[in-house]
Structure formats: C-alpha cells, structure tokens
Amino acid sequence: MEPTSRSVPGAQAIARAARLLRLVTAAGADGATLQELARAADLSRSTAHRLLSALKLEGLVDREDESTRWMPGPELFLMGSVAAARYDVTALARDVVRSLAVKTEESAFFSVRRADETVCLLREEGSFPIRSFVLSEGVRFPLGVASAGLAILSFLPDHDVDSYLEGHPELEGRWGRSHRPSALRARLAETKERGYAVNPGLIVEGSWGIGAAVFDRSGRPEWALSLTGVEFRFGPDRMADLGRTLLAHAHQLSARIAGTRR
C-alpha cells in the first residue's frame with residue numbers, strides 16, 4: 001500500500017516497477033502498449049516509460065520493435081525457473097486439472113493465490129465445443145471476483161477477509177454493484193456453506209464459473225480449481241454434479257500437496 005511504501009526509501013519506485021511487471025506478464029503473448037500499462041498502473045506515460053525502460057535494461061521486460069508492445073523479458077524466465085523449484089505445484093496439479101476437464105467436458109483451471117489476487121497457472125480445455133475465454137494462463141483477478149478467488153477468500157480467517165474488503169473499496173466501482181462489500185459477504189457465506197463458489201456471469205454476461213479452494217499442509221487456501229462455461233451448461237440440474245466433481249478433485253489435490261510439500 002502507498003503509505004507503507006513511502007516509509008521505506010525507494011520502496012515506492014520498486015512497488016511501481018513491480019506493478020508494471022505484473023501487468024506485462026498478465027497481458028500474455030500479445031503484450032501491452034505503453035498507454036495500456038500506464039493507465040492500468042495509474043501512472044503518467046512518462047513515469048511508466050521511464051520505469052519500463054529501466055526494467056528493459058535489466059532484461060526483465062522487452063519491447064517489440066514493430067508494434068512497440070511491451071512483453072516479459074528473458075531474465076523473468078530465468079528467475080521463474082529458479083523460483084519454480086520452491087513455489088510451483090503445477091506438476092502436481094496438471095493431471096488433476098486434465099481429469100476435471102475430461103469428466104465435466106468444461107474448461108478447467110488451476111490458480112494460485114498471490115497476495116490479494118489469483119493468477120491462473122493451468123488451463124485445460126473440455127470437449128464441449130462452446131467455451132468461455134475469460135480465463136487463461138497468466139490472467140489475474142482480485143480475490144472475490146472470479147470463482148477461484150471467491151473460493152479462496154471464503155476460507156480465509158474472518159480478520160483477513162475484513163482487512164481485504166476494507167483495503168479494496170475499488171472493487172464495486174471496477175466490477176459492479178455485485179462486488180460491494182455486503183454482496184460479497186453474502187456470496188462468501190454461501191460459498192462456505194456450499195463448499196464451492198459460483199460466479200453467475202458477473203465478469204462476462206453468460207459466462208459462468210465455479211471454484212473450489214485447494215489447501216496447503218497448514219489448512220490455508222492457497223490455490224483453487226475452477227470450471228468455466230456457458231450459462232446453460234451450469235443450470236441447477238447439473239450444478240450439483242459439477243460441484244461434487246470439482247470438490248472431489250480439489251480434495252485430491254489438497255491431499256497430494258500435503259503429502260509431498262515439506
């Protein structure tokens with residue numbers, strides 16, 4: 001947060017640079033323009049360009065000459081390869097996500113919690129020909145918005161939920177009245193009672209999703225499995241079966257992580 005950053009010399013510049021790095025990686029293979037990055041980071045074009053240029057010198061971002069779009073740099077790959085040995089659990093999740101897609105015929109995902117966001121790590125297409133493309137690898141959403149983040153937020157301690165909602169008053173303005181605190185708290189309670197989260201087309205109309213938290217060895221929700229598809233595939237007659245299948249896969253993955261991560 002801004003006040004905290006200012007208490008440490010140089011922290012504000014680092015926080016801004018880190019924000020730009022996250023935005024560049026979230027843009028995926030197509031990259032992002034300077035204008036898009038500056039607007040999303042709430043920075044002037046000159047400040048964003050200065051920071052991006054400094055990151056480019058370090059190899060952390062790159063710029064395509066023809067389109068002038070900014071993309072992840074080679075140093076990020078090298079850093080990520082080292083960090084993966086400690087943090088990456090996609091190898092454990094891959095066959096679980098594939099099984100989920102096969103059994104439900106919907107697109108299945110594995111996401112990780114990163115601070116106040118979720119980041120999609122894996123996507124597996126289902127066999128049903130009509131698909132939703134709201135989520136793909138690298139895409140980030142605030143907790144409580146997509147079904148994965150709603151599932152994770154639901155199983156955090158109450159004081160963490162209170163702190164998160166108090167610290168993010170922008171959710172309603174950016175994502176609509178369905179994300180005001182009272183509405184979010186109601187969906188969190190429903191999710192805890194049901195066991196899995198439901199997103200009834202709140203991000204993109206007609207695109208539904210359900211998500212279930214995946215827990216670490218201490219019982220904290222650090223990941224999530226989710227399914228997305230078109231609305232008529234998530235009707236009440238099918239939702240219960242999808243939810244049971246999703247929860248079974250989430251329990252399987254939680255047990256696998258608990259048994260292998262030390």
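Let's start with Arg-238, which comes out as partly exposed at 23% relative accessibility. On that scale, buried means under 20% relative accessible area, exposed over 50%, and partly exposed in between, with a 1.4 Å probe and protein chains only. Before I go on: this is a predicted model, where local features need pLDDT of at least 70 and side-chain atom pairs count only at pLDDT 80 or more, while totals for chains, interfaces and linings use all residues. Numbering runs from 1 along each chain as its sequence is written, and side-chain values use heavy atoms, with hydrogens and water left out.

So who does Arg-238 pair with? Its side chain meets that of Glu-106 in a salt bridge, 2.9 Å from N to O. By salt bridge I mean a side-chain nitrogen of Lys or Arg within 4 Å of a carboxyl oxygen of Asp or Glu. Glu-106 sits in the loop between H6 and S3 and Arg-238 in helix H11, so the pair ties together parts 132 residues apart in sequence. Those labels are DSSP runs numbered from the N terminus: helices are H or I with at least four residues, strands are E with at least two. Glu-106, by the way, is buried, at 1% relative accessible area.

Asp-241 is partly exposed at 42%, and Arg-244 is exposed at 52%. The structure holds 14 salt bridges.

Now the inside. The largest nonpolar core has 28 residues, and among those with the most contacts inside it are Phe-110, Tyr-196 and Leu-253. A core here is a set of buried Ala, Val, Leu, Ile, Met, Phe, Trp, Tyr and Cys residues joined through side-chain atoms within 4.5 Å. H11 gives the largest share of this core, seven residues. There's another core apart from it, of 21 residues, including Trp-175 and Leu-188.

Last, strand S4. Six of its eight residues are buried, so S4 is largely enclosed by the rest of the structure. S3 and S4 run antiparallel, joined by seven bridges; strands count as paired if DSSP finds at least two bridges between them. In their hairpin, with two residues between the strands, Ala-115 takes a positive phi near 60°. S4 also pairs antiparallel with S5, residues 140-142, over three bridges, and there Thr-118 has Phe-141 as its bridge partner.
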